[in-house]
Amino acid sequence: MRELLEAVAAGETSPAEAEAELAGYATGDAGRFDAARVTRSGVPEAILADGKTPSEVADLAATSIETTGRAIVTRLDADALATVRERLRSHDAEDTYHERARVLVAHTDEFERPELDATVGVVTAGTSDAEPAGEAAVIAREMGAEIERVDDVGVASIARLLDQLSHLRELDVLIVAAGREGALPTVVAGLVDTPVIGLPVSTGYGHAGAGEAALDGMLQSCTALTAVNVDAGFTAGAQAALIARTIDAARPE
């Protein structure tokens, strides 16, 4: 502990870094950031922008960079993007904004993203499913998985799926996003011997719209299918990457 305190006094370590090392989290004006989450669970901590001011999001993102060398911000709209980017660049971080997924990822030069010998397929029924599917892809990639996208293969024209079936069978884990009645994950899970995570999407309207029918359908699936909550791209991506990490560990070197 003395060495850590001396590093803070010398300006070599920030107070946020020291707090994160000692307590597992760092405290700022916008709240506490769980800097130890990735070490504890394998899943990186992310900042959900919904319900926060641009300044609060920027503060938490800066704390993330200081303590882990990486910041992940989800559900980030364009009107808050400039504030967050300006704050991160003052910390010498380079960022990428995935516009359709509304996810920003930033790294310092020293940060090394993990690499897994395992591939997560992110499958969408249609273009309307791109936002949560994109979020899932970003999170799984940040956890080290290779990503393959297979888009627009919904059951309204099942020939589109059958054209991609041999490719899907080569992948290690599948995230399948679908709205409306949510049929695609069930169909896919019945055709592959790969873990399938169903991601219900809040598309659709009328009776049981906004993802309710999709979620119910996935929960009632007669195939071996796991389902996450409506639009829960982060959860789907994290779960797929944890499976991918186990697959990577089991493969011979």
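1. Five strands form an open sheet, in the order 8-7-9-10-11, and their pairing is parallel. Its edges are strand 8 (146-150) and strand 11 (226-227), each of which pairs on one side only. Bear in mind throughout that this is a predicted model.

2. Look next at strand 7 (119-124). Six of its six residues are buried, so strand 7 is largely enclosed by the rest of the structure. T119, G121 and V123 point one way from the strand. V120, V122 and T124 point the other way. Both sets are buried.

3. Strand 7 and strand 8 run parallel and are joined by five bridges. Across from V122 stands R149 in strand 8. Strand 9 (173-178) and strand 10 (196-200) also run parallel, with five bridges between them. Here I175 stands opposite I197 of strand 10.

4. Two helices lie across parts of this sheet. Helix 7 (residues 159-168) lies across strand 7, strand 8 and strand 9. The angle between helix 7 and strand 8 is about 165 degrees. Helix 9 (residues 212-219) lies across strand 9, strand 10 and strand 11. Helix 9 runs at about 155 degrees to strand 10.

5. Which residues of helix 10 are buried? They are G233, F234, A236, G237, A238, A240, A241 and A244. These buried residues pack against strand 7, strand 9 and strand 10, among other elements. Helix 3 (37-41), strand 4 and helix 6 (130-142) are also on that list.

6. The packing of helix 6 with helix 10 can be described in detail. Their axes come within 7 Å and cross at roughly 35 degrees. The crossing is right-handed. From helix 6, the residues involved are P132, E135, A136, I139 and A140. They meet G233, F234, A236, G237, A238 and A241 of helix 10. By class, the contact has eight nonpolar residues, two polar and one charged.

7. Four strands form an open sheet in the order 3-4-6-5, and here the pairing is mixed. Strand 3 (47-48) and strand 5 stand at the edges with a single partner strand each, so one side of each has no neighbour in the sheet. Strand 3 and strand 4 run parallel, joined by two bridges. I47 has V73 in strand 4 as its bridge partner.

8. This sheet also has helices lying across it. Helix 4 (residues 54-68) lies across strand 3, strand 4 and strand 6. Its direction is about 150 degrees from that of strand 4. Helix 5 (78-89) lies across strand 4, strand 5 and strand 6. Helix 5 runs at about 165 degrees to strand 5.

9. How do helix 4 and helix 5 meet, and at what angle? They pack at about 30 degrees, with their axes 9 Å apart. Helix 4 passes helix 5 in a right-handed crossing. On the helix 4 side are P54, S55, V57, A58, D59, A61, A62 and I65. On the helix 5 side are A80, T83, V84, R87 and L88. The contact counts nine nonpolar, two polar and two charged residues.

10. T63 sits in helix 4. Is T63 buried or exposed? Its relative accessibility is 13%, so T63 counts as buried, the cut-off being under 20%. Leaving aside residues up to four places away in sequence, T63 touches A26 and F33.

11. R75 is not a glycine, yet its phi is positive, at about 55 degrees. R75 lies in the loop between strand 4 (70-74) and helix 5. R102 likewise has a positive phi, near 60 degrees, in a residue other than glycine. R102 lies in the loop between strand 5 (94-98) and strand 6 (103-107). At 18% relative accessibility, R102 counts as buried.

Terms used:
Residues numbered from 1 in each chain as written. Predicted model: local features only at pLDDT ≥ 70, side-chain atom pairs only at ≥ 80, totals over all residues. Heavy atoms only, no water. Buried < 20%, exposed > 50% of the residue type's maximum accessible area, 1.4 Å probe, protein only. Contact = heavy atoms within 4.5 Å. Pairing = 2+ DSSP bridges. Axes fitted to C-alpha atoms, helices over the stretch in contact; angles between N-to-C directions. Left-handed = near helix turned anticlockwise from the far one by under 90°. Nonpolar A, V, L, I, M, F, W, Y, C, P; charged D, E, K, R; others polar.
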